[in-house]
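Please report on how the two chains of this model fold and meet. Start with the strands, then move to the contact between the chains.

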Amino acid sequence: MRELEEQTKLVNIVFGKSELPEGHKGFKVYKALVLHRFYELLSNAFPLWYEEVDKNEFKKAVYKFMCHGAKSDVMWKTPNEFRKFISESNLFKNTAYLNDLLWFEWIEVKLIMKSQHIHESKEFSYRSDYILSSSCAIKKLKYKVFERGNFGHSGQFYIMAYYDFSDYEVYYREISELMFVLLKEAKKTTMKKAIEKVAQLSGNDSKDVREFFKDSLKELLDLNIIERIKYV
Amino acid sequence: MNNIKGLGLGLRRDFLQEIDADGFLPDWWEIAPENWFDIPYHHREKFEEIISLRPIVAHGLSLSIGSMEPVDMKFLKKMKNFLDRYDIDHYSDHISFTSLMGSQTYDLLPLAMTKKVIERISQKAKIVEDILQRPLILENATYYYVPDSDMREVDFINELMASSGIGLLLDVNNIYVNGQNHGFDPYKFLDELELEHAVYIHVAGYYKDKELGMLIDSHGMPVKKEVWRFLEETLRRVQIPVMIERDNNIPKYKVMQREYRTLEKVVDDARA
């Protein structure tokens, strides 16, 4: 069907799969417009990486991603697709910290852009149970990508990113391994079960673990990082 | 179109927080629904306050009605949920395609102007209307080259509207830009366009790409004098709502307010 052929031809040209025909102004305009959309979106989503990446290499990666295919009908989710694409590709393999850096930058976009809800605030109590809120994300990083100028520094870093409902910003905090395990379990199950798990892993009594985390969990509740489970 | 009257403005996140509910408000708002499927916490309260004060129309970007592929049902269901949630009666998109084989381009790409494309859009429009339970409106788009076509644009639009029953979102800037880029007279185009299908009007800005020698429909500039003049002529022929569309390089709300005042004057002059 010639109509489909026409559309395929144009898309192949704008994605860089086919050569731009010499002197064709229309194709040139569309190629520039589509590239501009992707380039602007992705360079804005990953400003730390964009600051240091070779711009030609970045542009090539954008074209490869366009060929691979962006699926989301809402543009703000596209940087996450790009992040996964880079991770699964052979691109930038010499930048060992890139996966961590792209997660670090993407999570800020995600926590700001997704619909968030502030939760009912009641004083923290172990009589209630809690889960990790969707306004928070945790990650074990291999590189210190949260410290500018030190991205290549390797180790084990446990990071919590959360949306602050009072000033509408995303904040990052380096947390202990124990807190990381607790929150990771709380994300999968509930805080009560998470405390049992941490007690088991650390060889401590559950009561001691509860006491140890009590003040921290109070603060996390105040920040909406954990939310009380409402039983119907 | 029965719930909007007068003049509208595109509601953009960039100036949302500058809007005073007790201050200047247009007669109605147009929103790009895909940009509000997810509403950042920071904007939700304000958005819901502002849209509760005036009628709303939704002008989408991702329907890709002209692609030679099936309608994306998942997308349509998301759209319906959004339109229902905010009680929006009127939904439009563009006579173009934006995705192919599941890959998004995030831009409006041109269609071959053929009977086959008319047939395809008409079939897809029925599905869209069935799912959304609303009439579909489509905007005449800009194109920077003419894909392998059998028809002139004006004939293509007239036949599409007549055969599908779709409403036309008449973008006067796009007619002007296409006229300049493809060497036709926009006023003659208007003479031939069957305006009874037009539901409401868009007016927007363009810029000239000196290297290519083409006008680019950027939606990122103030409306040009020649487009105001063309709008005035259009408004002498058709009495429908009209709005300013600005999607890029978005200025302060007070700047949009000034442009809205210019629009008021143009409309008053045309309808005097």
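## Sheets, barrel and interface

In chain A, β3(A) and β4(A) make a hairpin with four residues between them, and Y168(A) in the turn has a positive phi of about 60 degrees. Helices (H or I, at least four residues) and strands (E, at least two) are DSSP runs, numbered from the N terminus. The model is predicted: local features need pLDDT of at least 70, side-chain atom pairs count only at pLDDT 80 or more, and totals for chains, interfaces and linings use all residues. Residues are numbered from 1 along each chain as its sequence is written, chains are lettered from A and ligands numbered from 1 in the order in which they are written, and side-chain values use heavy atoms, with hydrogens and water left out.

**The sheet of chain A.** Strands β3 (residues 154-164) and β4 (residues 169-175) of chain A pair in the antiparallel sense over seven bridges. Two strands pair if DSSP finds at least two bridges between them. Across this pair, M160(A) stands opposite R173(A), and Y163(A) faces V170(A). The open sheet has three strands in the order β2-β3-β4 (chain A), with antiparallel pairing. β2 (136-143) and β4 of chain A are the edges; each has a single partner strand, so one side of each lacks a neighbour in the sheet. The twist averages 30 degrees from one strand to the next.

**The barrel of chain B.** Eight strands close a barrel in the order β1-β2-β3-β4-β7-β8-β9-β12 (chain B), with parallel pairing. Neighbouring strands are turned by 30 degrees against each other on average, direction ignored. One pair is β7 (residues 136-139) and β8 (residues 167-171) of chain B, parallel over three bridges. Within that pair, E139(B) has L169(B) as its bridge partner.

The table lists them. Contact means heavy atoms within 4.5 Å. Axes are lines fitted to C-alpha atoms, for helices over the stretch in contact, and angles run from 0 to 180 degrees between N-to-C directions.

| Helix | Strands it lies across | Angle |
|---|---|---|
| α4(B), residues 115-132 | β4(B) (90-94) and β7(B) | about 135 degrees to β7(B) |
| α9(B), residues 253-271 | β1(B) (7-10), β2(B) (28-31), β9(B) (198-203) and β12(B) (242-244) | about 150 degrees to β1(B) |

**Where the chains meet.** In the interface, 41 residues of chain A are in contact with 44 residues of chain B. The two chains bury about 3,900 Å² between them, 60% of it on carbon and sulfur atoms. Buried area is the accessible area (1.4 Å probe) that two parts lose on being put together, summed over both. On the chain A side, Q7(A), Y30(A) and D73(A) lose the most area to chain B, together 18% of what that side buries.

Between the chains there are 19 residue pairs in polar contact, both at pLDDT 80 or more. A polar contact is a pair of N or O atoms within 3.5 Å; within protein, one must be able to donate a hydrogen and the other to accept it, and residues adjacent in sequence count only if both atoms are side-chain atoms. α2(A) gives the most to the side of chain A that touches chain B, with ten residues.

**Salt bridges.** A salt bridge is a side-chain nitrogen of Lys or Arg within 4 Å of a carboxyl oxygen of Asp or Glu. Five salt bridges link chain A and chain B. D148(B) and R2(A) meet in a salt bridge at 3.0 Å, N to O.
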